[in-house]
Amino acid sequence: MAAASIPASSQPFKLILGSSSVARKHILAEMGLEFEVMTADIDEKSIRRENPDELVTILAEAKADAIMSRLNISDYQKEGDRPTLLITSDIVVVHEGIIREKPTTKEEARQFLKGYSGSHVATVGSVVVTNLTTGKRLGSLDKAEVYFHDIPDEVIENLIDEGVVFRVAGGLLLEHPLTLPFVEAVVGSSDSVMGISKDLANKLIQDAL
């Protein structure tokens, strides 16, 4: 499988994942990558764009810039060292033309999830890879769609009570045991919906070296 083509033992670069997302860590680990984690800690709500493509791109870049501002970049530019890549990403859910980020209240989460029931949503994800050694930065978008059967109110309430919906864009959980039975179809890659496209990440990593 092309997305998992980099064996960790012979990884010719160092990798920093600029995210605390459990799903993203899991996806990169599935790709066989060795990486360390740094978080951007930016105020995402202070960055607004109407266009979802623009929003996720500027957020992924802002996360990279925030992390880089805390690093001594010259440490990564020593001759003979393996190059160091920083990978950042952002994702939003778009439902009926409206951008949906992480829900902040139970009522908002309920409204989001009820809206997805018997309907479909799109995800727009941006991945940005910055080569800290050369300064080269590449980014691209990946999109997917998820179609749902009717989701019972009881399942929605259980998801809200569990709390994990508040940590993901649009409250959208694809591979959660409560929601998976109600996923009718995914158009695009499921890893993209969950936080980062393996194929896109792999391509950007190779191109940034």
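I began with the second largest cavity, whose volume is about 30 Å³. This is a predicted model, in which local features need pLDDT of at least 70 and side-chain atom pairs count only at pLDDT 80 or more, while totals for chains, interfaces and linings use all residues. Residues are numbered from 1 along each chain as its sequence is written, and side-chain values use heavy atoms, with hydrogens and water left out.

I noted the terms for the search: on a 1 Å grid over the protein atoms alone, a cavity is a set of points where a 1.4 Å probe fits but cannot get out, a pocket is an open set with protein on both sides within 12 Å along at least five of seven lines, and lining residues have an atom within 4 Å of a point. A volume is the space filled by probe spheres set on the points, which are joined across faces, edges and corners.

I listed the lining of the second largest cavity as Leu113, Tyr116, Phe148, Ile151, Gly171, Leu172, Leu173 and Thr179. Six of these residues are nonpolar, two are polar and none is charged; Ala, Val, Leu, Ile, Met, Phe, Trp, Tyr, Cys and Pro count as nonpolar, Asp, Glu, Lys and Arg as charged, and the others, Gly among them, as polar.

I then turned to the largest cavity, which holds about 50 Å³ of space. Its lining includes Ser89, Asp90, Gly125, Asp142 and Ser197. By class I found three nonpolar, six polar and two charged residues there. Strands β3 and β5 each supply at least two residues of this lining; helices (H or I, at least four residues) and strands (E, at least two) are DSSP runs numbered from the N terminus.

I next looked up the largest pocket, with a volume of about 1000 Å³. Of its 35 lining residues, Ser21, Arg24, Lys102, Arg167 and Val168 are the closest to the centre. The largest share of the lining, four residues, comes from β3. The lining divides into 16 nonpolar, eight polar and eleven charged residues.

I also examined helix α6 (residues 198–208), where the buried residues are Lys198, Leu200, Ala201, Asn202, Leu204, Ile205 and Ala208; buried means under 20% relative accessible area with a 1.4 Å probe, protein chains only. These residues pack against α1 (22–30), β3 (84–95), β5 (120–131), β6 (137–148) and α5 (190–194).

Finally, I recorded that the protein chain has six helices and seven strands. Of its 209 residues, 46% count as buried.

How values were computed: Buried means under 20% relative accessible area, exposed over 50%, partly exposed in between (1.4 Å probe, protein chains only). Contact means heavy atoms within 4.5 Å.
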